[in-house]
Amino acid sequence: MRRYLAVGLDCYLCLVTGGLLVRPYADSATVPQVVALLIGPVLVLSFLNQVVLTAVVGAGAGKLIMGIRVVSLPDVRRPGPGRLVRRWLYGLCWLPLQPWYGLRARLVGPSGAGGPGPRPACEEAGGCTDPVGLRQVRRSDLAAHRRAVAGRAV
C-alpha cells in the first residue's frame with residue numbers, strides 16, 4: 001500500500017507543481033494548448049523526481065514521505081542513473097496503460113472466457129521487482145539489513 005501511495009503522491013506533486021508553473025499562461029490559451037503546456041513541465045518534474053532525486057537521496061519525493069527507498073539488487077545499494085532512467089521510461093509507458101490492462105483482464109480473462117486473470121507468478125512468490133532489477137523497500141527494513149550485514153562483518 002505504501003508504494004501505491006508514494007506513486008500517487010509523486011503524480012500529485014508533479015501535476016500540482018506543473019499546474020502552478022503553467023497557470024500564468026492558462027488564461028490566454030485554449031484547453032489543448034494548456035494541456036500541451038502542462039506536459040513539458042510535468043515530464044521534467046517527473047524526471048527530476050524519479051531519476052535525479054532518487055540518484056541523490058535514494059528515493060523520490062513520494063517515497064521519501066512514505067519511508068521507502070529504492071535499492072539495486074542484489075547488492076542493496078543506491079541505483080545508478082542509467083538504471084533509473086530506464087525505470088523512469090518504463091514507468092511512463094507502463095503506468096498510463098494500467099486501466100486498459102485491468103479492464104481487458106476483467107472483460108476477456110486469461111483464456112478469452114471472461115473473469116479476472118490469474119495472479120502473476122512474481123506476486124505469488126512474494127513480490128515483484130521491476131524490469132531493471134530495482135526494489136522498493138521500507139527505510140526501517142533497509143537500516144536493519146545494513147546493521148545486520150555490518151554485525152556479520154565484525
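Residues are numbered from 1 along each chain as its sequence is written, and side-chain values use heavy atoms, with hydrogens and water left out. Because the model is predicted, local features require pLDDT of at least 70 and side-chain atom pairs count only at pLDDT 80 or more, whereas totals for chains, interfaces and linings use all residues.

The protein chain contains 7 helices and 2 strands; helices (H or I, at least four residues) and strands (E, at least two) are DSSP runs numbered from the N terminus. Read from that terminus, the order of elements is α-α-α-β-α-α-α-β-α. Of the 154 residues, 23% are buried, where buried means under 20% relative accessible area, exposed over 50%, and partly exposed in between (1.4 Å probe, protein chains only). Contact is defined as heavy atoms within 4.5 Å. Among contacts between residues at least 6 apart in sequence, 61% join residues at least 24 apart.

Strand E1 (residues 68-72) is largely enclosed by the rest of the structure, because 5 of its 5 residues are buried. In a regular strand the side chains alternate between the two faces of the sheet. In E1, Ile-68, Val-70 and Ser-72 point one way and Arg-69 and Val-71 the other, and all are buried. E1 runs antiparallel to strand E2 (residues 134-138), to which 5 bridges join it; two strands pair if DSSP finds at least two bridges between them. Within this pairing, Val-71 has Arg-135 of E2 as its bridge partner.

Val-70 also belongs to the largest nonpolar core, whose 6 residues are Val-51, Val-70, Leu-84, Trp-88, Val-132 and Leu-134. Such a core is a set of buried Ala, Val, Leu, Ile, Met, Phe, Trp, Tyr and Cys residues joined through side-chain atoms within 4.5 Å. Apart from its neighbours within four places in sequence, Trp-88 is in contact with Leu-43, Ser-46, Phe-47, Gln-50 and Val-51.

A charged pair is found elsewhere. Side chains of opposite charge can pair when their charged atoms come close. A salt bridge here is a side-chain nitrogen of Lys or Arg within 4 Å of a carboxyl oxygen of Asp or Glu, and a search of the whole structure finds 1. Lys-63 and Asp-10 form a salt bridge, with the closest N and O atoms 3.6 Å apart. This pair links distant parts of the chain, 53 residues apart: Lys-63 lies in helix H3 (residues 61-66) and Asp-10 in helix H1 (residues 2-26). Lys-63 counts as buried because its relative accessibility is 3%, and Asp-10 is likewise buried, at 4%.

Val-31, Val-35, Ile-39, Leu-43, Leu-89 and Leu-92 make a nonpolar surface patch of about 510 Å². Patches consist of residues with over 30% relative accessible area and no salt bridge, like charges being joined within 9 Å and nonpolar side chains (Val, Leu, Ile, Met, Phe, Trp, Tyr) within 5 Å. Helices H2 (31-57) and H4 (81-94) each supply at least two residues of the patch, and H2 gives the largest share, 4 residues. Ile-39, in helix H2, is partly exposed, with a relative accessible area of 48%.

Methods. Areas by Shrake-Rupley, 256 points an atom, 1.4 Å probe, with all protein chains shown as cover.
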